[in-house]
Amino acid sequence: MAGDENWVDIGSAEEFSQTPIKRVTAMKRELAISLKDGKFGAVSNTCNHVGGPLGNGRLDGDYIVCPWHNWKFHRCSGLGEPGFEEDRVPAYPVKIESGRVLVNLNAGSKRQKAPHAPHPLSRKVERAPGPLRLAGISTSAMDAANPRFSGSDHLLEHALKAAKGLGAETRMIKLNDLNFHACEGYYSKAAQACTWPCSITQMDAKDQMDQVYEALVHWADAIIISSPIRWGAASSLYFKMAERLNCVQNAVTIRNQVLIRNKVAGFIIVGGQDNIQAVAGQMLGFFAELGFIFPQFPYIAHSRGWSREDMERNVEIVRTSTELAEGASMLAKRCLDLAAHLISCDEAPASIERGGRKAHAIAP
Ligand code: FES
């Protein structure tokens, strides 16, 4: 073997002709081997972004599209797509001899990562000094051009008003007003493909889920989520948000990065019929896994019961009930009191030796 030559046989040309791109291991090196118009290409299998497997990607012309977040690299030169050439992965010479494909592992080009400005959400999570901060998240869906009365929104507004009266800063986020993607299942590709900040947030500057991330991870000391009951479950917008919050939990599981510390969550649940306890159970379970702490009696709720079919009456009850309004105000107070206590103690761990609910060691 000459100094700059280490031709390694990676298989028969006939075998590679079956598929335009294939992942192979040669002398412990992972490669993405491609074939187009009779010409072979060999580049590192490892994407520059967060290590996606290029050999499992697809070809777009002469570019390999990473299967995780769609970055592109030239299948022969390893250069990034036009405009991003400086972001390049190692490329290797290829030759065919006697129907065998050989790659020179000693002559790979150098990997080069172009600097990328970090996403603002990826900054260190540190509580900014100042008064307590309560974010209300409304998950009620409606026609924005012709809004209706929402019982859960109404009670959330009472909670925020009470928080303000207690000296807290408040912020209301109505998911109905935000334009955001449904989770596109990066976690289903690979745990590492589900990134913090969310892959979608990093790729689409117009996606407005960043407002929820900013409030939950960086701004708020306490949050109150309000939801109507829809067919025995929280609202569809609630679940759309919850799926996008997978990245917050996944940061704990795969990177030992606890983003939610010393923060409190409470809930407001309003339904025409019933299933309050099941809705609350899901919410409590999910927000516990994100790292939130709950006050004593962490939710208030109201429903008319299974046999009622008089929603107009239900709406009127919620609108005029001083008890429900006071209940919402007291929930806000319980959340803020606990948040103040947690902040003063600052005992929540910033890392955890096991991946939260998994109880498994965190993968290296
Ligand atoms: S685009 Fe390849 S890992 Fe993200």
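Ala26 stands opposite Arg29 in strand E3. Strand E2 (residues 21-26) and strand E3 (residues 29-36) run antiparallel and are joined by six bridges; strands count as paired if DSSP finds at least two bridges between them. E2 and E3 form a hairpin with two residues between them, and Met27 in the turn has a positive phi of about 50°. Strands (E, at least two residues) and helices (H or I, at least four) are DSSP runs, numbered from the N terminus.

The model is predicted: local features need pLDDT of at least 70, side-chain atom pairs count only at pLDDT 80 or more, and totals for chains, interfaces and linings use all residues. Residues are numbered from 1 along each chain as its sequence is written.

The protein chain is assigned two domains, with bounds from an automatic or database domain assignment.

| Domain | Residues |
|---|---|
| domain 1 | 7-105 |
| domain 2 | 120-358 |

Their C-alpha centres lie 44 Å apart. Six residues of domain 1 are in contact (C-beta atoms, placed from the backbone, within 7 Å) with eight residues of domain 2. The side of domain 1 that touches domain 2 has three nonpolar, three polar and no charged residues. Here Ala, Val, Leu, Ile, Met, Phe, Trp, Tyr, Cys and Pro count as nonpolar, Asp, Glu, Lys and Arg as charged, and the others, Gly among them, as polar.

Ile229 is in the loop between strand E12 (222-228) and helix H6 (236-244). Ile229 counts as buried because 22 C-beta neighbours lie inside 10 Å; the cut-off for buried is 20 or more other C-beta atoms within 10 Å, with C-beta atoms placed from the backbone. Leaving aside neighbours within four places in sequence, Ile229 is in contact with Ile269, Gly271, Asn275, Ile276, Val279 and Ser303.

Technical notes. A residue is buried if 20 or more other C-beta atoms lie within 10 Å of its own, exposed if 12 or fewer, and partly exposed in between; C-beta atoms are placed from the backbone. Two residues are in contact if their C-beta atoms, placed from the backbone, lie within 7 Å.
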